[in-house]
Amino acid sequence: MSKQSSIRTWAWVHKWSSLVCTVFMLLLCLTGLPLIFHHEIGDWLGNHIETPEIAYQGPMASMDAMLAAAKARQPGMVPLYMYREEDEPMQWVISMAKTATADSGFKQVVLDARTAKVLGEPPVEEGFMYIMFKLHVDLFAGLPGMLFLGLMGFLLLVAIVSGVVLYAPFMRKLAFGEIRRQRGKKLKRLDVHNFLGIVTLSWALVVAATGVINAWSDLLVKYWQFDQMSQMIAPYKNLPPPDRFASLQASVKVAQQTEPDMQLGFIAFPGTAYASPHHYGIFMRGDSPLTKRLFKPVLIDARTATLTDSRELPWYLVALLISQPLHFGDYGGMTLKWLWAVLDVITIVVLWTGLMLWWKKRHQYVPDIRSRITLSEAY
Amino acid sequence: MVTHLFMPNKKLPQIFFWPMLIALVSLAGLIFALVYDDAREYLANAAIALPVLVALFFYWVQPLFSRR
């Protein structure tokens with residue numbers, strides 16, 4: 001293939017991969033912006049529940065007491081997951097629903113880890129941040145929506161790679177960072193598009209690639225259930241669900257004895273995606289900046305509070321867990337959040353200038369690719 | 001007058017030297033910020049901020065100098 005036709009092919013790939021995904025990418029960038037600050041916006045909207053400052057010297061409340069308090073608060077609902085936020089170590093949150101497999105109608109009960117008192121119930125599945133979250137994750141369309149956005153993310157990756165290839169012919173006669181302001185809006189727009197696109201290359205590639213991985217999260221968890229969980233719970237295959245449940249506190253103790261060098265991450269209650277109908281899935285984690293994001297499941301028999309199995313997460317779930325902070329930008333404090341927001345805005349500018357370059361040139365005379373490159377014009 | 005038409009063509013390493021350097025430094029920053037929780041995290045944040053600083057410099061700061 002000649003150099004000219006190769007460039008023409010890359011230009012075609014860049015144009016169409018960008019055009020198809022740009023509107024969705026603009027939506028993802030716009031909805032992602034408030035999601036970067038979801039904690040801060042939650043505080044501002046008054047959704048954050050504070051831990052009261054009390055003089056308390058005693059031991060932490062038992063897990064069973066907290067579970068009982070949550071069940072009393074939401075009678076008729078079953079617990080799904082129990083976890084705590086990193087910035088609120090004195091709280092536990094129990095999410096609940098009508099059934100363990102429900103995909104809507106969730107409630108959250110926030111409890112004081114010292115006294116097992118219910119501190120409140122933050123709003124779930126409502127409000128501005130919920131709309132932003134759903135638009136960003138699945139367009140209110142569940143798994144098909146997630147996979148569709150994953151496909152758009154893949155097209156963005158194609159657009160970025162083809163954009164890098166096309167950067168070279170357009171920059172042969174320009175200095176790095178040169179923006180031709182005096183030569184009309186069109187060339188200025190092209191230079192801004194090329195310049196901002198190339199300087200944010202790493203960030204855009206990382207956020208797009210991790211977004212694609214995240215879009216597969218539901219399917220990866222389902223595959224883990226099929227691949228690993230089914231092996232771990234094979235002896236329970238034809239048994240009826242337990243008619244009584246052992247102490248949650250005792251189950252957590254067994255998990256901690258099994259993994260003494262790890263900390264309790266979260267608990268999946270029987271019947272949920274991360275456990276089985278017969279088990280508490282107790283997920284332990286490390287304490288270094290990286291390993292605190294990686295979990296190790298410990299399956300505890302929910303009837304007898306004895307260990308059933310514990311094994312490392314497979315590579316695809318490790319990849320998913322590592323990709324999450326790299327997509328959310330929530331792993332470096334407020335400084336990183338602001339950087340994420342600025343880079344997000346720069347990406348919006350790149351998308352918008354790209355869209356405008358295409359829109360403005362639709363009815364213009366289009367010379368051959370060689371002339372376009374010579375003139376460093378945008379196509 | 002279109003002055004750049006008379007400039008010699010740059011070679012690929014010349015075109016991609018600064019973009020690749022910025023990309024590698026910011027990628028290292030993204031990874032280091034994930035792995036370290038100490039003073040090295042500040043360095044990582046600075047590396048992630050590099051594309052923003054470069055963009056600010058070439059878009060706003062450099063034109064001011066050129067005008068003077």
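**Notebook: a look at chains A and B**

I began with A:Arg181, which has 14 C-beta neighbours inside 10 Å and therefore counts as partly exposed. A note to myself before going on: this is a predicted model. I found A:Arg181 in the loop that runs between α5 and α6 of chain A. I also looked up its separation from A:Ala11: the two are 170 residues apart in sequence, and their C-alpha atoms lie 24 Å apart in space.

**Entry: two helices of chain A**

How do the two helices cross? I read that the axes of α1(A) and α5(A) come within 7 Å and cross at roughly 135 degrees. That angle is why I call α1(A) oblique to α5(A). I noted the crossing of these two helices as left-handed.

Next I listed who makes the contact. Sorted by class, the contact of α1(A) with α5(A) has 18 nonpolar residues, five polar ones and no charged ones.

**Entry: the cores**

I then followed A:Met25. Setting aside neighbours within four places in sequence, I found A:Met25 in contact with A:Met152, A:Leu156 and A:Leu351.

How many residues does the largest nonpolar core have? I noted 46 for it. A:Met25 is among those with the most contacts inside this core, and so are A:Leu156, A:Phe195, A:Leu196, A:Val199 and B:Ile48. I was pleased to meet a chain B residue in that list, B:Ile48. The helices that each supply at least two residues of this core are α1 (3-36), α5 (142-171), α6 (185-199), α7 (201-215) and α11 (333-361) of chain A, together with α1 (12-35) and α2 (40-67) of chain B. Which of them gives the most? That is α7(A), with eight residues.

I also came across a second, separate core of 36 residues, which includes A:Met63, A:Ala70, A:Ala275 and A:Tyr280.

**Entry: where chain B meets chain A**

My last stop was the contact between the chains. I noted 29 residues from chain B and 29 residues from chain A in it. On the side of chain B that touches chain A, the elements giving two or more residues are α1 and α2 of chain B. Of these, α1(B) gives the most, with twelve residues. By class, I recorded that side of chain B as 22 nonpolar, four polar and three charged residues.

How values were computed
Residues numbered from 1 in each chain as written. Chains lettered and ligands numbered in written order. Predicted model: local features only at pLDDT ≥ 70, side-chain atom pairs only at ≥ 80, totals over all residues. Core = buried A, V, L, I, M, F, W, Y, C linked by C-beta atoms within 7 Å. Buried ≥ 20, exposed ≤ 12 C-beta atoms within 10 Å, placed from the backbone. Helix = DSSP H or I, 4+ residues; strand = E, 2+ residues; numbered from the N terminus. Contact = placed C-beta atoms within 7 Å. Axes fitted to C-alpha atoms, helices over the stretch in contact; angles between N-to-C directions. Parallel < 35°, antiparallel > 145°, perpendicular 65-115°, else oblique. Left-handed = near helix turned anticlockwise from the far one by under 90°. Nonpolar A, V, L, I, M, F, W, Y, C, P; charged D, E, K, R; others polar.
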